[in-house]
Structures are given as C-alpha cells and as structure tokens.
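Dear colleague,

I am handing over the structure below for your files. A short account of what was found follows it.

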Amino acid sequence: MPLFYERKQLVTPGDLLAEGDYMTGDNTYKDDDKIYASRVGLVDYEDRKVYVVALKAFYIPSVGDTVIGKVVELGTSGWTIDVNAPYLAMLQASDVMDRPFRPRTSDLPSIFDVGDVIIAKIVAYNRTRDPLLTVREPGLGKIMRGTLVKITPTKIPRVIGRKGSMVSMIKRETECQITIGQNGLILISGKTPEDERLAVMALHKIEEESHTSGLTDRVTEMLRKKKEGVEHAQKKN
Amino acid sequence: MNSSPMVARVKRKRIAELISNGKRLDGRGLTDYREIQLEVGIIERAEGSARIRLGKTEVMVGTKIEAGEPFPDVPNEGVLTVNAELVPLASPTFEPGPPDENSIELARIVDRGIRESKAIDLEKLCIKPGKKVFVVFVDVYVLNHDGNLIDASTMAALAALLNTKMFNYEVEEGEIKVKPGYTPLPIRNYPIAVTFAKINDKIIVDPWLEEEEVMETRLTMTMDKDGKICAIQKGGYGYFTVQQILEATKIAHEKTEELRKLVVKG
Amino acid sequence: MPQKKPEKLIEENDVRIDGRKLDELRPVKIEVGVLANADGSAYIEQGKNKILAAVYGPKEVHPRHLALPDRAVLRCRYHMAPFSVEERKSPAPSRREIELSKVIREALEPSVFVEYYPRTSIDIFIEVLQADGGTRCAGLTVASLALADGGIPMRDLVVACAAGKVDGRFVLDLSDLEDKGGEADVPLALMPNLNAITLLQMDGSLMIDEFEKVVNLALDGCRRLYTFQKEALKLKYIAVKEAVEE
C-alpha cells in the first residue's frame, strides 16, 4: 500500500500521493484508488487520511467561522459584505435591529455604511445560496479602529499556532489586540502605530515562511530585535 | 459548452447508457453516418453552390469569385477566404450578431481542410503577380443545426468548390476583360472531415444534436484523397487518450473515403 | 526588421536554423507569481516567445445571467500585443485569437474542479508580448501555472508543446519560421499524470504513421516541459525554505 512522498514534502497539483486503501483529506482527490494533490502545498498523513496543507488557497465560507469583511452595497433589507471569498455575504437588517424592520433605506447607513469593516459570524451557507452573516454575538460588529491585514486563509492556523501559542506570543511582544478572521483578514489594534506595524510585520513573515520549521522562534526574535531598534532610536532622540 | 440542459436529464442518461452498450438512440452503429443528400448548383447568382442534408442538419455553401490583391508573402497565389454563419433561423440557440467563437471555429476548420490539402490550385488564380489575383469566397450558411456542422460544412464546401465556375477572361492594359464561356475552378484535392464524439469513454462518429449535448468532447480529422491528414481539431471540455486518437485516425481513413465518393462523382 | 526566408530550414546533419537538434526544446525560463493584482500569474520565455498569464477568481459572475448553477464558468482570452509580431498587429481580436481563446479554454477546463464553485467565474488572460511560433502551447503552459498559483484546485497541471514535420524531418517545438515553412505543425496539450490530451490541432499534411510519430514526439516534449513547470511552481517556496532554515 504505497505512499509516494514523505511527510511535509512539497507537492504540486496532479502529484500521485498514495495508492490503495487511503482516504482523501484537504486539497486531494481520488481517481480509482489513486490519491492526487489538487493544490500546491505540503503533503501529510494522519492514520489512513492523506491531505495537503495548501500554500495558497482562497477562503470558502464555513458555518460557524468568524470573518472580517467590508460593506460593499446597501440593499433594501440589509447589507452585502465582501468577505474575501468567491461569494459575497449577506447581513440582514433583521439581524441587527430588535424592533420589526420597516424598509426605510435611510436607516441602514446609520448602522453600517458602505466602506465600514465588520466582524461577523457565518450562520448559513450552502452551494445554492450566498453566505449569511450575523453580528448578534458579543465581540461582533463594526470595527472602529486598528490595522487590517490580509493573508492567504490557509495560513490562519499557523498564525494561531498550536493551542494559540503563536498569536499569544505576538500579542505579548507587541501589546496589541489581535482579532483573527477565518477568511484571512486579521485586525490589529495596538497602543501606538509602531506597535501595530510590528504585529503586521510578524504576520507577513508567518505568511511567507509558513512552510518552514522553527518559525515561532524566528518571529519572536525578529519582534524583539525590532523593538530594541525602536527603543534605541527613541533613546537617541 | 453545455450551458443550458436542452436535453432532459432522463434522455441524457438514456443516450449515454445506450452508447455504453454500443448502440445509439436513432438505431445507428457507433461508426455510422446519418443519411446524406447533396445538391449542387442551386444558387445561380453564386459562382458555385451546394446544399447538404446530413440527417436533419442542413448547410448551404455558396462561392463567389472576385478580383483582389494577393498577400505580400505569396504574390503569385490567389486568395481563399472562408466564412461561416450560424444563421439565427437554424437553431433556437443561435443569436443574431457578429460571428461568435463557434462560427469562427467552424469557418477556420473548413478553411484549414481546403488550404492544407491544397485543394484549390491557387497559382492558377494569379492574374498579375504581386498586383492582381482572384479571391475565392467560400461562405458557409448553416440553415438547420441538428449536430455535426463541421462535417456537413466541409462536404458542402467541397461540393460547392467542385461546382464553381470562373468566367473566362483576358488581361487588357492591366484590366480584366470578360470573355464568353466558363472554366471550372482548378481543384486537385478533396478534403473530407470526420468528427468523433466521446460519450462515457466510447467514441462515436457524426454526433447528432442531442448526442452533442451529452458528449464530453469531440475530435475532427480532415483527410485528403491520398489518406493524408491535413487538419485536426479537438473541441469540447473533455480529453482523449493517445490510444483513442490513434484509433480515430484509422476510422477516419475509412470514413473519409466513403464520404468522398458521395461528393466527388466520377 | 523583416526576416529573410531561408532556403533550407534544416541542414544535412539534422541541425536546425537556430542550432537545435531535431528533438530539442527551445530554452525555457518560467516564473510564477509575477503580477501583484492578479489572484494567480506566471510568465514564460521559450525561445523568443515572451508570454504572460493571469487568473482572476473564482468570483461572482457579472453579468449574472452568464452564471451556471452547478459550476464555475471558465473564461479565457488569448491576445497578442500589437508589437509582438513583425508587422504590427491591430489590437482588435482577430479570428485566430478568438479561435485560440476557445481551444485554450477547452484545454484548461478538464484540469479545473469547476464543480466546486457554482455561480462563479474564473477568468484567464494570456498576453503574448513577443511571438515566435508555438504561442498557444507556451500560453497554455503558463496559464495552467497561473491557475495553480491562484490556489485553484486542479486535477493536474496542463502542459503543451508542438511537434511537426520540417524539411522531411520530425521536429519538436517549431519556431515561427519552421511552422510557416514546414510540412506540418501539431500543437498538443497534456495532463501528464492522467495521460489526458486536452488540446490537439493540426495543419499541414501527414500520413497516418507520420502523425503517430509526431504525436509521440509532442508528448515527449510535454513531459520534459512538465518538469520545468513543476520546478517553477515550487521554486518560490523552496527558496524561502532554504534561506531561513540554514
């Protein structure tokens, strides 16, 4: 029952990963009893499941995900939100307002206007309809300040780290609040613009080097060096 | 592209199932063509014309000859130009307007067959090298689309060319003076196209409309009178294996000889 | 500067005008991820060919009526820049470009999992910046990389190469002169791991057994190009990995 690659090897679409009694995981597909990669990424195995951690993939909505999106259109009964996915998402006015909603379009922009960025959760999505959002939970709603970063969504788990270790470290080192959207958008809210910039740098580094080992240490080191540099410059002034 | 399911899902399944078992909905064998009727010389205004009925597919081709300029890289050759129109009355799916990718592809496949087989002796169409040559216009007019427009159009175009007569002329002071009488267009090869469709991994010949809507992909091979391949075009969103392609060349050889006999008489 | 038409395209010792052997590919250079705005992109130089490809999508289709309920729509535009050929070409799409846009789209479709993204479109743009024969093949090869670079799930990469007959010999990867002056040109596209031929055309004149030889030569060229394709796709990541892990 052959496996044709070692764990964490880089594979490309069409590469034959396994043959025989295996199951398909993310970014793979089966033809007869052969399993092939469907995206560029690092192949891995878990029991009899073969999967590829894609190095680049766009976000596909999933019910329960927290996402960060931008309002792009005002409709008669709600808002259309760009959630960095192939499909635009909908947020209905009835989700936001407690009283029964009477369609007066002047109401909508006062809550969320075109260009506003919101944190929301996906409550419904299937092949025949666009994703539906809610902002009814604590922590969701309009974002008033901070820096937004966009990274390829497959790297989000790396940003979070095992048991949140990576993101906790960044929060600690930069003293920033970090809200992660499963759709690849991340909100950074810090005490100063310099702190936010540091966090942005860390995130971009993770995105670029996500397929390498020893990343957490290197990111930590980079942040500390940069902070020293900033403090040094401040002392000089 | 199978965009709108014109054929009901139930029927599609039936067509595919039958073909898996080597049979077709209209009773034909996998390598049988529909009934062919060919008439020539029906449009007197055209220099040459032909109308083909391949099953219910109906295509008319008219040829016109005019004086024109040669291409700079071949100064003593006449010019061939092929155009195809998917006339709106031929199918509910044809819209009026400029030629779309389907009519352009059809025209270019028909053109390739004639051009690459050197069917027309273009050098005999030279009036004054570098300055004046005859331009042969081949206009393919699809009147009813019931599948396999390529093979029907190629056969009708060949028939129309064989039917084409050029007026006799002499050149006086650089001008063409028409003389009485006609000469047939100099034709020295007879390209015929055979189109294959792949359905459920089986290969059939001459797909009719409903089979075309079920097929994954098609392959057209045009062969000349010596059994040489002069044009090939794969179409549709599927694929072929090498074995299927080489198998098709053998069937194409047999079929083009059969079909040529219907077009080239005597 | 207009090219002079040479008397002979291949010498007695089977050496071609540009010094190549009969079954030799032109030198290839491929780069993936070259355009910042596109979702996926790639660039190829093959001999004198210089071709850029970009992919946008999947995204919702506009106009809406073009959307398909059960799959993504693939749209493809093959276009040559006016300065890409000897005699300036008008920017308006020619009949040849329209036909090639169609056959290239049909060559890429079997590789993309379009059924995963209903009601969306995936737009592919191929721009030929400089042309020297075999542009539809090089364009296909680089468009397939742009799709992979965009993270679009695929069954396999599509790689394309032409073979043909020139001065009585069977040759691989015809240049423009060889295509115009030769006896036959057969462009072919392949999904190598599935042995699936997704583009096949021919113009010229070949006996059936000659055609078989030419097809096998093209398949061989495709397989060789495929290794360059895969390398180019991995290169970005391998370079980063090597740089940081030392």
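A residue is called buried if 20 or more other C-beta atoms lie within 10 Å of its own, exposed if 12 or fewer do, and partly exposed in between, with C-beta atoms placed from the backbone. By that criterion, 43% of the 266 residues in chain B are buried.

Please note that this is a predicted model, in which local features need pLDDT of at least 70 and side-chain atom pairs count only at pLDDT 80 or more, while totals for chains, interfaces and linings use all residues. Residues are numbered from 1 along each chain as its sequence is written, and chains are lettered from A in the order in which they are written.

Chain B contains five helices and twelve strands (DSSP runs: H or I of at least four residues for helices, E of at least two for strands, numbered from the N terminus). Its C-alpha trace spans about 70 × 40 × 35 Å along the principal axes. Of the contacts in chain B with a separation of 6 or more, 68% join residues 24 or more positions apart; two residues are in contact if their C-beta atoms, placed from the backbone, lie within 7 Å.

Chains A and C also touch: 27 residues from chain C and 27 residues from chain A take part. On the side of chain C, β3 (49–60) and α4 (208–244) are the elements that give two or more residues. The largest share, eight residues, comes from α4(C).

Yours sincerely
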